[in-house]
Amino acid sequence: MAAEDRIDALERAFGALEDPRNPLGRDALLAADARGEVLAEAERVLDDHGLNEEFVPRPLGGRLTRMDELGRVLRPVFRRDASLGFGYGLNCFFAAAPVWTGGDHDQRTRAARLLLDGDRIAVVRHEVAHGNDFVREEFSAEPSGGGFRLNGSKAVIANASRAAGLVVFARTGEAAGGRSHSVLFVDRRELPADRIEDLARRTTNGMRSAEFGGLRVTDCPVPAEALVGKLGDGYELSLRSSLVIRGLIPSIVLAGADTALRTVARFAVRRRPDGHSSLDVQHVRDVLTGAFLDLLLSDCLALVATRGLHLLPNQMSAYAAAAAYLAPRLISESMDEMSAVLGEESFAEDGTYGMFQKQLRDLPVTSLGHAGSAGRQVSILPQLPFFARHSWFSDPEPPPALFDLRGPLPELDLGAPALLGDSDPLAAALITVTDLLESGASPGAGADGEAQLRFLARGLTSELDELRKVFAEIAPGDRKALISPHSFGLADRYALVLAAAACLGVWRAQRDGADAFLADPAWPTAALYRLCRRLGLPLPDRPAASEQRVLAEVLGRLHGRRSYDLYGTALA
C-alpha cells in the first residue's frame, strides 16, 4: 500500500477526533490521559496498521523507504495522542537508529525481527547524548569472559518494562575525545532475569500515558556480539542517529499543534448570544494566522530535513539540527499566544477544549526527547565559520526535488549522512529566489504583493551576508568564540534564515502546482514578514491582504476538515 493510502487509512481508522461517540475520540483519549493510561483500543488500531513496520527499512522487511513519508505517517497519531505515538512506536525507532546506522547485518536483522514481531526496543542513553535533565545516571560495561559485564541504573527510560530489545549507551573506558562510551544491543529475554530489575514508573506532566520507568542492572553478562560498531563508538553513533531522528521532530510537534490550532479556531468562530465571536477581534485573527504560518514554516523545515537525508547527505546535518531546534520553539510561542485566546478554557482538561491543554503539556516532552535545543544549536555552530568562508554566496542552489512535496527520492541510506556539512545549498536557495524576485522573473500577487515579498527576501539575504561577515572572522577551532552567548544568538538567527529559505523554496516549487494556496505568494509573504519581525529586520508595510488570505485558509481548513500543514490532508 502506498504511503498516501496508509496515511488515509490510519486517519479513517481513528475516526473523527471531536465525535463524542467515537471510542477513539477526544473524550476517550482525555479520559485515558487523566488515568495515565494509553487507550488500549488505540493501540489495537496501530497493531492492525502494523505501525512498527514503518520504522524498519524495506531491505529488512519493513516499509521504511522515505523519511518524509515516515514523518507524515506519524501525524494522524500525534494529532491525537503523543503518548500513543511516542510510546507505541516512535521511541522504538529512536532506539533502533544506532543499530540502523552503525550495526552489522545480524544486529540490524535482529532489531527488525523484534519490531516486525510487534515487540518494542528501548534506549538507555548516557546523560550527554540524551540531553535532558531528568536524571544523571549511566551504565558501565567492563570486559569479561570475551564479552562484557553490565552494571548501572537509570530511573527514566521510555518503555523500560515493555521492551524486549535494549540499546544501551554504556561507559567502556576513560578515553578522551568522545571515545569513553560504546553501544550494546541486547534482547532482554536472553539475559539472566535475576540481573535486571524494573524500577518504579515515573509520572510526568506531559505525555502522561507514556511509560517512563527505570532499570537497574547488576553484574549482567552480555555477549561480545552485542557491541554495535567498535569500542568507543558511542558518542559518534549518538550523533549519527540524531541526523536521522531530528528531521522527524517538526512532524510530531506540528501534528499536536495542528489539533491545538483547530481547537482554538473552533472556539474563535463560536457565536455568542449577542451574535459576535472572538474572531471579530483583530488580535485573535492575528494569532490564528500566525499559528498557521508557524506550522507551515515548521513543515517546510521538516521537508528539507527529511528529503535532504536522501538528496543532500553531505550537507543536511545543519538542516536537521535547525529543524529540530526551531520548529518546537516556533510552535511553543504560538501555543502561548493561543492560550491567551482561549482564556480560562486553556486550562480545561476535558470537554470541547480539553485537547488544547493536553497538547500544551505534551509539547515540551515530544520536542526534548533526543536532545535539547542547546544541543541542536551546538551541532550547528561549528559549521557556520566554514560556511561563511566557503559556501555562502558561492554555493549552487539545491536540487529542485528538495522542495517537492511528493516527488521521487534516491534510495534511503541511513548511514550516509555526514556529521558536518561540506556546503550550504539551502542558503543558496534564498539567494536564488531573491534574485528571481529582483529580476521580476518570479510572479507575485500583483505589484504590491510582489514588492513586499521582494523587500522581505532582500532583507533576509542581507541578514545572511551579515552572518557571513561575523562568522568569517572566527578562526577555525576557536571554541571559546563559538560557545559564547553571542554565537548562540547568531545560530538562532541562522536557523530563522534557513526557515525563510525553505519557505521560499517550497513556494517556488509549488507555483505551478494544483494547490492554489501553496502557489499563492500570500503565505510566503506573510511567513517572511513574521520571520523578519522576529529578527528585528526592516519591514515593509504590513501585508494585510496576504494575512487575510492565510486566515481564510485557516477557516477553510477548519470547516473543510483538512490538516494545518503543507499537505492539507483530509481528516476523519
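**Close-up views of the predicted protein chain**

View 1. A residue is called buried under 20% relative accessible area, exposed over 50% and partly exposed in between, with a 1.4 Å probe and only protein chains counted. Alanine 544 sits in helix α21. Helices (H or I, at least four residues) and strands (E, at least two) are DSSP runs, numbered from the N terminus. From alanine 544 to serine 153 the distance is 56 Å in space, C-alpha to C-alpha, and 391 residues in sequence. The model is predicted: local features need pLDDT of at least 70 and side-chain atom pairs count only at pLDDT 80 or more, while totals for chains, interfaces and linings use all residues. Residues are numbered from 1 along each chain as its sequence is written, and side-chain values use heavy atoms, with hydrogens and water left out.

**View 2. The protein chain as a whole.** The protein chain holds 21 helices and eight strands. Its C-alpha atoms fill a box of roughly 75 × 60 × 40 Å along the principal axes. The radius of gyration is 24 Å, which agrees with the value near 25 Å that a compact globule of 572 residues would have. This radius is taken over C-alpha atoms, and the globule rule is 2.2 Å times the number of residues to the power 0.38. Of the 572 residues, 60% are buried. Among contacts between residues at least 6 apart in sequence, 76% join residues at least 24 apart; contact means heavy atoms within 4.5 Å.

**View 3. The nonpolar cores.** A nonpolar core is a set of buried Ala, Val, Leu, Ile, Met, Phe, Trp, Tyr and Cys residues joined through side-chain atoms within 4.5 Å. The largest one has 172 residues, and Met67, Phe93, Trp100, Trp392, Phe471, Tyr494 and Trp523 touch the most other members. Leaving out residues up to four places away in sequence, phenylalanine 93 touches Phe55, Leu64, Met67, Leu70, Trp100, Val244 and Leu248. A second, separate core has 22 residues, including Leu150, Leu184, Val217 and Cys220.

**View 4. Helix α2 and the glycine after it.** Helix α2 spans residues 26-35, and its buried residues are Arg26, Ala28, Leu29, Leu30, Ala32 and Asp33. An α-helix has 3.6 residues a turn, so residues three or four places apart point the same way. Just after α2 comes glycine 36, with a positive phi of about 75 degrees.

**View 5. Methionine 207 in a loop.** Methionine 207 lies between β6 (196-202) and β7 (212-222). Its phi is positive, about 45 degrees, although methionine 207 is not a glycine. Is methionine 207 buried or exposed? With a relative accessible area of 1%, methionine 207 is buried.

**View 6. Arginine 561 after α21.** Arginine 561 belongs to the segment that follows α21 (544-560).

**View 7. Serine 391 and its contacts.** The loop between α14 (384-390) and α15 (425-439) contains serine 391. Serine 391 counts as buried because its relative accessibility is 2%. Apart from its neighbours within four places in sequence, serine 391 is in contact with Phe386, Asp422, Ser423 and Asp424.
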